[in-house]
Structures are given as structure tokens and as C-alpha cells.
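Student: Could we go through this model feature by feature, with the general idea before the particular case?
Tutor: Gladly; let us look at it together.

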Amino acid sequence: MPAIISRGFLKPVALFAALVRGYANPGSCSGACNVHDPTLIQRSSDNLYFRFSTGNEISYASSSSIKGPWTAIGSMLPDGSSIDLPGNTDLWAPDAHIVDDLYYVYYSVSAFGSQDSAIGLATSETMESGSWTDHGSTGIVSSSSKSYNAIDGNLIDVDGTYYMNFGSFWHDIYQVPMNSAATKTSSSSYNLAYNATGTHSEEGSYMYKYGSYYYLFFSSGICCGYDTSRPATGEEYKIKVCRSTSATGAFVDADGTACTNSGGTTVLASHSTVYGPGGQGVYDDPSLGPVLYYHYVDTTVGYADGDKLFGWNAIDFSSGWPVV
Ligand SMILES: *[C@@H]1O[C@H](CO)[C@@H](O)[C@H](O)[C@H]1NC(C)=O
């Protein structure tokens with residue numbers, strides 16, 4: 001860089017930098033901020049925020065603000081899941097909603113790199129420690145005969161009909177209609193997004209409606225193990241999005257490329273000391289509006305999975321595409 005400046009190229013370099021859109025740094029977090037694959041919800045009785053995350057039979061914490069201070073509560077299902085698969089005492093990728101005045105948290109049972117997976121459901125009236133009932137499998141199950149991996153569930157209510165988005169690698173992101181109680185599948189699944197290149201590394205989808213569009217956010221790239229083996233630059237986790245006027249298909253990116261044909265527009269990627277953001281969701285915060293929340297590595301702290309931190313940014317949808 002000093003060589004470029006001394007040759008008098010400062011102006012073009014500065015202009016180029018201004019044209020490359022920068023990403024906002026993560027909003028502040030205090031207290032228990034170490035998370036992987038967070039999901040957020042507020043309790044209707046007192047507006048307390050609850051944040052669930054991967055590991056420890058679903059770790060969870062509460063706070064009066066998205067910024068913290070977050071207080072760890074413990075495990076959602078301390079005895080693990082009744083789903084009879086390897087990984088049923090680990091539990092990943094929670095997704096929290098209110099359905100018929102009950103708190104629902106979907107979770108995944110799997111093992112890293114395995115297609116022997118299922119998406120389960122736990123419910124509670126209060127979200128207090130010890131209040132959770134495990135309902136086992138939702139019927140979203142995979143093995144090596146399937147084109148998908150049944151993890152990373154995300155429920156959406158589309159005008160009174162529930163759909164579950166899910167999937168990770170293999171043929172990437174799928175969707176399945178659910179019954180009226182959102183407890184079990186009611187039909188067969190179909191593909192929403194697929195990256196034909198590389199290892200088909202799309203996962204962790206989250207669908208959010210804003211204006212007349214359904215936005216399908218997903219994580220693309222390599223999520224984990226950065227402390228032992230870091231992927232090539234740009235192949236680490238990043239957050240991408242596609243949109244459609246229908247919740248059930250025809251998702252395209254900002255260039256118009258179909259998301260079943262490797263499309264996807266980047267919303268947030270590594271920048272400054274933020275590395276590998278992903279495992280995201282969107283929460284319609286009462287004071288901040290739509291918020292993108294995620295986990296990321298702070299390169300000044302450490303690259304281990306356990307060092308991942310909770311990040312969030314308000315989303316600007318004014319261009320029709322989410323910008324943070
Ligand atoms: C598809 O995979 C390639 C190779 O890993 C990656 O560079 C690209 O960002 C991915 N695209 C999407 C939309 O996930």
C-alpha cells in the first residue's frame with residue numbers, strides 16, 4: 001500500500017474503497033455472549049429476550065435487551081432428545097417460535113458430516129429452566145438414501161399455513177409443509193436452494209417476510225474448526241440471501257440467478273476482525289426493527305468453535321435487498 005501511495009495512486013484507491021460496500025461491525029453484546037447458531041425470541045409476559053444456541057442439549061440464556069447482559073440459564077433438554085440417533089445428547093441449531101401461545105423450539109439431532117439426522121421439537125409454556133417437554137421427531141428425517149440432510153430447521157407461518165425450511169450440504173436447502181399445529185410434516189419436501197459448485201455448502205436457512213418478498217437467508221461455506229484447519233480465503237462462513245414473492249419457491253438473487261442454480265447475494269461476510277459470520281436468523285425487534293443476528297469469530301479473541309460470539313445488526317431493506 002505505501003508503494004501505491006508513493007506512485008500517486010491514492011485517489012483511485014480511495015475511490016475504489018468507497019465503492020466497495022462495507023459491513024457494519026456487530027452490535028454490542030455483554031454477559032454470556034459465546035454462541036453457535038443462535039435463535040432469538042421474546043417472552044410475551046415480560047418481553048424478556050431468550051436466546052437458544054447449539055450444544056449442551058441446547059444452551060440458552062436470557063436478557064432484557066438484545067445487547068445483554070445475557071445470563072446463562074443452562075440446557076433446554078438436559079436429558080437430551082428421545083430421537084434414537086447418534087448425537088441425541090448434543091443437539092444443534094435451535095429455531096424458536098410462538099405457536100398457539102406455546103413456545104416451540106425445533107432442534108437437530110445429527111453428527112458432524114453424517115446424513116443420519118432428524119429435526120425434533122420441544123415446547124414450554126414459560127421457557128423457564130425445567131419447563132420443557134420433548135416431543136421427539138417432527139418427521140423430518142434423513143439417511144444416506146435422501147438428497148438432503150435433515151438438520152437446521154426453520155419454521156415460517158405463511159398466512160396460517162406452516163412450512164419448515166431445512167437442510168445442510170448434499171442438495172442444500174429444502175422446504176416441507178407442516179400440519180396446523182406445526183408439530184409434524186404434512187406433505188413431501190422440495191428444494192429451495194442449491195449450490196452446484198464445490199461441496200454444496202449451503203445450510204442454516206432462515207426465511208423472513210418483509211414487504212411483498214420472502215427473503216431466504218442461508219449460511220454458505222465452512223462453519224467450524226477454524227482453529228485446526230481454516231478454509232481458503234472466502235470459503236469460510238458467510239450469510240447470503242435470495243428472495244421471492246412466494247414462500248415456496250422461485251427464489252432468485254439480486255442478479256436474477258435462480259437459487260436452485262447456485263444463486264445467492266452476500267449479506268454479510270468476513271471483514272476487519274469479524275471472521276466467518278453465519279448461523280443467522282432475523283428477529284423483528286420492537287425497538288430496532290428487523291435485526292440480523294448470527295455468530296462470528298473475533299480474530300482478536302480466537303478461532304475455536306467455543307470462542308464464537310453473538311453478533312447482530314439492524315437490517316436496511318430500503319433497496320429491496322437486506323443491507324447491514
Ligand atoms: C457456492 O460454492 C462456491 C464454492 O464453495 C462458493 O465460492 C460460492 O460462494 C457458493 N455460492 C453460494 C450461493 O452459496
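Student: Which residues are around the ligand?
Tutor: This is a predicted model, in which local features need pLDDT of at least 70 and side-chain atom pairs count only at pLDDT 80 or more, while totals for chains, interfaces and linings use all residues. Residues are numbered from 1 along each chain as its sequence is written. A residue is near a molecule if its C-beta atom, placed from the backbone, lies within 6 Å of it; around the ligand these are Asn195, Thr197, Gly198, Ser201, Glu202, Ser220, Glu235, Lys240, Ser262 and Gly264.

Student: How many residues of the shell around the ligand are nonpolar, polar and charged?
Tutor: With Asp, Glu, Lys and Arg counted as charged, Ala, Val, Leu, Ile, Met, Phe, Trp, Tyr, Cys and Pro as nonpolar, and the others, Gly among them, as polar, the shell has seven polar, three charged and no nonpolar residues.

Student: Over how many bridges do S5 and S6 pair?
Tutor: The two strands pair over six bridges in the antiparallel sense, and Trp92 stands opposite Ser108 in S6.

Note on methods
Pairing = 2+ DSSP bridges. Helix = DSSP H or I, 4+ residues; strand = E, 2+ residues; numbered from the N terminus.
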